[in-house]
Amino acid sequence: MGSCCYSPSPSSSHLLATDFFSWGFKSSKLPFLQKRRFDRSQRASKICGYYGLRTPPYKLDALEPYMSLKTLEMHWGGHHRNYVEGLNKQLEKNDILYGFTMDELVKVTYNNGNPLPEFNNAAQVWNHDFFWESMQPGGGDMPKLGVLQQIEKDFGSFTNFREKFVEAALTLFGSGWVWLVLKKEERRLAVIKTSNGICPLVWDDIPIISLDMWEHAYYLDYKNDKGKYVNVFMNHLVSWNAAMARMARAEAFVNLGEPKIPIA
Amino acid sequence: MALRSVSRKSLGLAVGHVRGLQSFSLPELPYDYGALEPVISGEIMQLHHQKHHQTYITNYNKALEQLDQALAKADSSSIVQLQSAIKFNGGGHINHSIFWKNLAPIREGGGEPSKASLGWAIDTQFGSLKALIQRVNAEGAALQGSGWVWLALDKELKKLSVQTTANQDPLVTKGSALVPLFGIDVWEHAYYLQYKNVKADYLKNIWKVINWKYASEVYEKENL
C-alpha cells in the first residue's frame with residue numbers, strides 16, 4: 001500500500017468499552033459487584049471503535065462576517081456531525097474497518113474506485129476536518145516563503161493560481177470540492193475539483209487547501225452567488241499558515257527540489 | 001418551454017449558410033412566488049426561478065452559441081468539449097421547466113392525488129400512494145450530493161418507476177423510453193433556506209403541493 005499522505009492529528013478512534021465482563025466475575029464473594037457488572041454489560045458488552053467530531057481550530061463565530069455563525073453551526077453542527085454519526089453507525093455493523101486512522105479509512109473504503117458504503121461518510125468526515133483547518137480568522141492575503149515559491153514555480157504567478165482556483169470552483173457541476181494539491185508523481189502543485197465526497201487522498205495526492213462547494217457551505221450567507229463566496233474565501237478565509245504546515249510535511253514524502261548531490 | 005427563434009447569418013462565414021440559432025428563455029411560473037407557502041417559501045421560489053433556472057438558461061444559450069460556432073468551423077475538439085456544459089445547463093433548463101409544472105398551490109389542487117388512471121396504476125404497481133411516497137422519499141434522502149427524484153413512466157414497458165438522476169441529468173439519461181410524470185429537485189438550493197439540512201422534512205412536505213393533475217395528463221397522453 002502507498003505511504004500515508006497526511007494525518008492532521010492522531011487518530012481519533014477510541015475504545016468505547018471492552019468486554020471485561022466476559023472474564024467471569026463469578027466470585028460469590030462479591031455478589032453486589034457482580035450484579036452491577038451484569039447490568040452494565042447489557043449496555044456495552046462488545047468492543048466498539050468510533051470517531052469523534054473534531055471542533056474547528058477557532059470559535060464558531062470567528063469567521064464572521066465572511067462565514068456566519070449560523071453557517072458554522074449548521075455546517076459543522078449539522079452536516080459534519082451527521083457524517084460522523086452516520087459513519088459510527090455503519091462501523092458498528094462492520095468490524096473489519098476498525099482501528100484505521102481517518103486517512104487510511106478513506107483510502108480503504110474507496111476500494112480503488114469501487115467505493116464501499118462507508119466511503120461517503122468517511123470521506124466527508126475527513127473533508128470537513130480538513131476544510132475547517134484550511135481556514136482561519138484573518139485569513140486570505142497571500143502565502144509566503146516556500147508555499148509562494150512553489151505556487152509561482154507551478155502556476156507562473158499567484159494571480160494565475162488564484163484565477164485557476166476560482167475558475168475551478170465556478171465550473172464545478174453539482175456538489176463537490178476544489179483543492180490545491182501536491183501531486184506526488186509529477187512533484188508539482190495543481191488545482192483539482194472533486195465531485196460529492198471524493199477526496200484527493202484516494203489518488204495519492206497531498207491536499208494543501210480545500211474549498212467546500214456544496215451548496216450548504218455558502219447558501220445561507222451568499223444564496224446562489226458562488227462567485228462572491230469563492231472570492232471572499234480567497235481574500236479573507238483561506239489559511240496559508242495551514243498550507244505552509246501541510247507543505248512542510250508533504251516535503252517528507254515528495255522531493256520537490258533537485259537533489260543536492262555533494263561533489264567530492 | 002418558451003422558445004424564441006432567432007435566425008441570423010453565422011458570423012462572417014465564407015460558406016454563408018444561415019443557421020437558425022434557438023435562444024431559450026425563462027418560462028413563466030404558473031403561480032405567484034408565494035403561492036406554495038408554507039410548503040416552499042416565496043424566497044426560495046424566487047431565487048430558484050429567477051436566479052438558478054435563469055443561470056442555467058443563460059449558460060445553456062452560451063454553450064449552444066459556442067457549439068454553433070464550433071460546428072461551423074468543424075472544430076470537433078470544441079464540439080465534444082462543449083457536451084458536458086450543454087448536458088448540465090440544458091438539463092438544468094429541462095428539469096426546472098418540468099418542475100414548475102409539477103407543483104401547484106394547495107388551493108389549486110396541489111397535493112390532491114390523482115383519481116384517474118394514474119392513481120390506479122400507482123396502486124397496482126406500488127401497492128398504495130403511501131408506499132410510493134415512502135419509496136420516493138427514501139430515494140431522495142439517500143441521494144448523495146445533488147440530483148433529482150422522478151416518478152417515471154416507461155413508455156415501452158408501460159410501467160411506472162421511481163428513478164434518480166445526478167446533478168442536472170435529465171430523466172432520459174436513465175432510459176430513452178422514460179417520461180417524467182413529476183420530478184422533485186433535491187439540490188440543496190431547492191430547500192436549504194427553509195428546511196436547512198433536514199432534507200427529510202422537505203420531502204415529507206412537498207407532497208402537499210405536487211400537481212397530480214398535470215402528472216395524470218402526461219400519463220394519459222403517453223401511456224397509449
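Begin by selecting A:D204, which is partly exposed with a relative accessible area of 27%, where partly exposed lies between buried, under 20% relative accessible area, and exposed, over 50% (1.4 Å probe, protein chains only). Phi of A:D204 is near 70°, a positive value in a residue other than glycine, and A:D204 is found in the loop between β4 (188–195) and β5 (206–212) of chain A, strands being DSSP runs of E of at least two residues and helices runs of H or I of at least four, numbered from the N terminus.

This is a predicted model, in which local features need pLDDT of at least 70 and side-chain atom pairs count only at pLDDT 80 or more, while totals for chains, interfaces and linings use all residues. Residues are numbered from 1 along each chain as its sequence is written, chains are lettered from A and ligands numbered from 1 in the order in which they are written, and side-chain values use heavy atoms, with hydrogens and water left out.

Select next A:P65, in the loop between β2 (49–51) and α2 (69–92) of chain A, where the peptide bond from A:E64 is cis, with omega near -5°.

Then turn to the interface, where 19 residues of chain B are in contact with 17 residues of chain A, contact meaning heavy atoms within 4.5 Å. Finally, display the side chains of A:K223 and B:E43, which meet in a salt bridge at 3.8 Å, N to O, the term requiring a side-chain nitrogen of Lys or Arg within 4 Å of a carboxyl oxygen of Asp or Glu; the count between chain B and chain A is one salt bridge.
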